[in-house]
Amino acid sequence: MKRKLQPGFVILLAITGLLLTGCGGAPKAKTYTIGVVSSSLNQENTVKGFKEGMTELGYAEGRNITYIYDGPVSADKLDAAAQDLVKAKVNLILSITTSATKAAQKATVGTDIAVVFIPVTDPVGSGVVDSLLRPGGNITGVTPATQEGKRLEWLLQVAPRIKQIYIVYNPKDPSPVLALKTVSETADKLGVELITREVGTTDEAEIAFQNIPMEADAIFFLPDTVVSARLVDTLKLATELGLPTSGPNMETVVKNGVLTAYGVDLAVAARKQAARLASQILQGTKPADLPVETAEFFSAINLKTAQTIGLDIPDAILRQANIIIR
Amino acid sequence: MRGSIRKRLTLFSIGLAIGPLLLVGIILAWQSFTTQEQQALNLQHEVARRISTEVKAFLDGLESELRIVGQMQGLQKLDRGRQRDTLAELLSYQDAFESLTLLDGRGQEQVHVARSSVLPIELGNRAKADEFVIPQTSGQTYYSPVHFNETTGEPFITIAVPLVDVRTGLVDGVLVSEVRLQRIWGSIMDLQTGRGQSVYIVDAQNKVVAHRNPSVVLRGTTFHVPDQDGIHPGLTGSSVVLAVDKIRLGGQELNIIAEQTVAESLALAVNTILITMSLMVGALVISVVLGLVIVRQIVQPIQAMATTAEAISAGDFSRQVQVTSRDEVGVLAAAFNSMTAQLRQSLEDLEQEVVEVRQAEESLRRANETLQALIDYSPLAIIMLDLDSHVLLWNNAAEKMYGWTAQEALGQFPPFFTEDKREEQRMIFERVAKGEVFTNLELERRRKDDSRILIGASIAPLRDSTGNVYAQVSMATDITEQKKAEQALRESEEKLRQIASSLREVIWLRDAKTRHVLYVNSAFEELTGRTCESFYEDPDIVVNAIHPDDKERVIKALDQRLEGIPYNQEHRFIHLNGSVRWVASRSFPVRNEDGEVFRWTTIMEDITARKLAQEEVKRLNAELEQRVIERTAQLEAANKELEAFSYSVSHDLRAPLRHIDGFLELLRETTTTTLDKKSQRYMTVISDSAKRMGLLIDDLLSFSRMGRTEMSKSQVDLNELIHDVIQEFMPEAEGRDFDWQIATLPLVTGDRAMLRMVLVNLISNALKFTRSRKITQIEIGYEKENETEVVISIRDNGVGFDMKYADKLFGVFQRLHRQADFEGTGIGLANVRRIVNRHGGRTWAEGEVDRGATFYFSLPTSNQNRR
């Protein structure tokens with residue numbers, strides 16, 4: 001009789017225990033690895049902004065997130081760099097520039113590694129995503145949209161006397177090619193002429209900039225990895241020659257002294273948008289379900305540069321600028 | 001019956017505990033749940049209202065900015081450039097505006113500034129568009145439905161404010177703005193939300209236009225706003241507590257929705273229910289346990305007694321009722337157990353007795369069986385008689401031995417007694433009846449076929465429990481054959497004894513263990529001079545008489561025979577009269593059936609006469625040998641002397657010969673002109689003879705030397721040697737045609753220089769005597785005659801010789817041809833023979849005149865050649 005009683009008693013105790021303790025436990029802290037692949041020398045603030053954004057979202061570097069990033073690499077080494085990250089079995093790749101994004105996209109084929117890009121000027125046109133709203137595949141990110149027409153208009157507002165604009169670009173890089181298309185259309189509308197030079201290497205870019213045509217009234221920098229490498233030297237020369245300049249992003253104005261810019265602040269976009277997208281992916285959302293986001297854009301003027309080249313800008317125009325470097 | 005009391009008692013106790021608890025739990029849980037739900041709903045209401053206030057304020061603010069710019073600045077009165085700059089400034093100041101368009105009183109676009117697009121070249125007319133018509137006609141602000149950018153998915157709303165001329169008070173234009181609803185996402189993002197809480201805005205078309213996660217908006221998520229607040233499926237499909245607050249903008253409506261998952265918002269209620277349930281389960285467990293314990297205390301003793309009674313009735317007396325309580329049930333159980341124990345003890349005693357009786361019966365049965373088997377299968381005839389001599393028992397062996405069956409014999413007087421032994425038998429019967437026991441009796445008996453047999457028997461009395469003899473038993477075996485065999489053996493031994501005593505050799509037999517002499521024949525007395533009796537008495541008498549010089553050897557051999565080495569010795573033996581006799585003694589073992597030695601037989605033969613004869617032969621041989629040695633020494637001395645003599649003669653002859661030749665040469669020089677031709681010819685003959693004599697002496701010397709030179713032996717390759725010799729002769733034989741056939745020759749042991757001389761002589765002869773042949777054929781052969789020697793042959797096709805001179809060929813200075821035909825001194829073959837002889841070999845030759853000759857020599861193999 002005593003033996004018959006015991007099993008029943010134990011089962012009842014076990015049920016009671018389960019009911020009392022089955023109210024859930026703390027989720028296990030997971031650690032993640034994000035690889036960064038970049039081909040731009042001027043995007044370190046973007047990476048920094050991204051990391052800040054991730055920290056704000058609860059991913060503390062060294063605690064629950066690790067970054068693999070050895071700095072930007074030249075275009076020919078992008079594929080290898082991306083493949084290295086795949087081999088390292090990262091959870092996600094942050095790709096900076098269109099070329100880097102293409103390399104990351106190629107390297108992650110057949111894997112479940114997601115890619116978040118910033119910036120890709122024309123994600124659809126360059127074949128990175130099917131559409132902004134439905135990216136498809138394993139990739140999404142932040143695009144600055146093509147504000148290149150508006151940027152030309154802004155340059156002309158700031159320096160209305162410009163008639164001919166000098167543009168050096170790498171025809172093999174999709175970013176400047178796409179941007180140039182918009183710039184050309186806008187130039188037609190606004191009645192200015194473009195003088196273009198195609199280059200393949202930074203050395204060629206240097207030569208092209210050392211031989212700025214006499215008739216050029218301004219220099220327009222496209223988002224171009226090869227050309228960006230000669231940005232600082234070229235700006236020095238342009239300033240000496242008294243030529244107005246337009247840069248592809250805020251940083252060129254704020255940091256490098258380009259006269260005007262009309263575009264995105266990538267550091268902010270990386271912090272606010274790219275980091276949020278990355279976080280959602282790490283938490284299990286499929287990249288295909290995350291529409292590509294458009295970054296906020298701003299108009300900027302570097303007043304110091306304007307003064308150096310002897311350009312007088314009316315107050316009405318200055319008031320239209322979102323960012324003024326005085 | 002079983003369980004019925006228990007089941008009823010158990011159910012009753014559980015019901016009593018659980019019923020009230022269940023009732024209280026349900027009421028408490030329900031109340032907690034409804035309260036929590038209401039509180040959660042209120043919270044979501046509050047959140048939704050806060051956001052709607054913010055959104056409303058934001059849009060009102062935009063409207064105000066548009067009105068201020070339009071109205072305060074008198075926008076319509078400014079020139080195009082100023083209008084454009086003003087709008088551009090507003091655009092850069094307020095980033096919620098995507099674009100601003102100024103329309104005149106007819107709906108014509110005056111100025112257009114946009115954030116992300118370049119100025120259009122041609123401005124359009126919007127006279128029929130709502131954003132113009134509604135403000136123009138009503139003087140009210142116009143809000144459009146939310147619309148989305150097709151590419152980016154971003155939501156926009158159009159706000160148009162009328163511009164009124166201050167003088168006329170009429171609407172003279174409209175300021176149209178495209179507003180980015182994205183700017184209100186920030187308000188939602190900044191909102192501190194609880195776990196599982198979400199706030200979003202849905203337009204009239206059910207599209208989500210604002211959410212803290214922009215992706216939700218951009219991908220065009222839709223949500224059907226429920227008519228009432230409460231628990232509904234939320235945006236993600238899971239159950240939520242949801243509250244809606246609506247904003248009206250002109251004719252448009254936006255739904256501000258705040259929701260929180262049920263799990264989060266009603267967590268407290270759920271916890272309350274869980275705790276209540278846990279308490280109930282706990283109470284259930286406790287009540288069941290307590291109930292069962294009580295039931296057990298009441299029911300178990302009764303049940304145990306019932307079970308035990310059932311078991312006992314089924315025959316299990318070992319069962320006891322396990323009740324320890326001191327109540328009435330306990331007393332009953334103790335009495336029950338005592339009764340059962342007594343019953344069990346009685347049963348066990350009975351069983352024990354039965355077992356013992358059975359064991360005794362079994363022992364008896366086995367003893368009987370054993371006895372019967374012994375009687376039935378015994379080789380002894382077992383017979384039992386009563387005191388009146390009637391047969392009581394007659395076993396199988398008795399049937400076989402006497403021929404009467406048991407049936408014939410039982411109850412009868414034993415039929416096997418012979419008439420003549422009846423008295424003897426009667427006496428034995430009487431003595432046995434008095435208790436005497438007879439063993440090893442040898443008695444004669446009659447068989448059924450009337451033949452007689454001899455039996456060996458033992459007879460003993462049988463007594464009853466009082467000690468009185470009531471019968472006798474006899475055990476007998478037929479010993480007739482055994483007795484016959486003993487007789488035969490005795491006779492055989494006697495015969496052998498007679499043979500042995502007639503032999504001249506001494507034969508004796510000893511016991512292997514005791515060494516006692518079992519038998520010795522009479523020849524012993526003659527050989528040793530001692531009596532046979534003395535040998536029987538002292539077995540060591542023979543050993544002691546062995547000659548002291550041989551004793552040790554013989555004793556050693558005697559010991560070794562024990563190890564299996566046959567004993568066969570010849571030794572001296574001292575006769576009792578002191579004379580020494582030579583004897584040959586042999587000893588061999590006699591083995592029993594197991595192969596063990598149990599006797600030694602020794603034969604000793606007198607061999608004194610043979611020994612003496614052998615001694616004589618040995619002495620004569622020694623004498624002969626001594627004589628041969630002496631004679632050989634004399635011969636060797638004579639030979640040496642002769643050799644020395646011939647050497648000195650030859651040597652001494654050379655000096656005068658040189659004088660003759662020398663002085664003859666001087667004479668010839670001085671007389672060349674004075675002497676005539678004839679005299680000169682004589683002088684030449686003398687000179688030639690002297691030279692030839694010199695050669696003869698040289699050869700003689702070399703021959704002599706050959707006999708005396710020390711031999712230096714080594715391994716000699718005849719093959720190599722013969723080629724060497726032929727090579728030497730080739731210059732001399734130049735111009736001749738040869739057909740050499742040379743076999744492969746062996747390695748021999750010998751003096752290389754001497755063997756070379758043998759080959760030089762033989763090949764030089766062959767070349768010499770074939771000089772007349774057109775083609776010289778020389779064949780050098782080799783064959784191994786036997787194990788001890790090899791034979792080398794040199795055959796040529798030269799002039800040959802007559803076989804009757806074959807013996808002379810190897811003699812000194814023996815020549816078969818004229819000096820004019822074939823030069824030579826006749827010493828070469830003599831040298832060959834001497835060298836070969838010194839090597840221990842032989843030489844011989846075969847030939848036929850003009851048909852060639854063959855010379856043979858043999859050499860012993862390896863080290864067999866002598867000096």
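pLDDT is the predictor's confidence in each residue, from 0 to 100. This is a predicted model, in which local features need pLDDT of at least 70 and side-chain atom pairs count only at pLDDT 80 or more, while totals for chains, interfaces and linings use all residues. Residues are numbered from 1 along each chain as its sequence is written, chains are lettered from A and ligands numbered from 1 in the order in which they are written, and side-chain values use heavy atoms, with hydrogens and water left out.

**Exercise 1. Find where in chain B pLDDT stays under 50.**

Solution. Next, locate the stretch, which is residues 863-867 of chain B. For these residues the model has 17 contacts beyond four places in sequence, a contact being heavy atoms within 4.5 Å. Where pLDDT is low, the predicted coordinates should not be read in detail.

**Exercise 2. Describe the open sheet of chain A and its edge strands.**

Solution. Helices (H or I, at least four residues) and strands (E, at least two) are DSSP runs, numbered from the N terminus. Two strands pair if DSSP finds at least two bridges between them. The sheet has seven strands in the order E7-E6-E8-E9-E10-E12-E13, with mixed pairing. Its edge strands are E7 (193-198) and E13 (323-325) of chain A, each of which pairs on one side only. Now take one pair inside the order: E8 (residues 218-220) and E9 (residues 245-247) of chain A run parallel and are joined by two bridges. Here Phe220(A) stands opposite Ser246(A) in E9(A).

**Exercise 3. Determine how H5(A) and H6(A) are oriented to each other.**

Solution. Axes are lines fitted to C-alpha atoms, for helices over the stretch in contact, and angles run from 0 to 180 degrees between N-to-C directions. The axes of H5 (residues 148-158) and H6 (residues 174-190) of chain A come within 8 Å and cross at roughly 45°. Angles under 35 degrees count as roughly parallel, over 145 as roughly antiparallel, 65 to 115 as roughly perpendicular and the rest as oblique. H5(A) and H6(A) are therefore oblique to each other.
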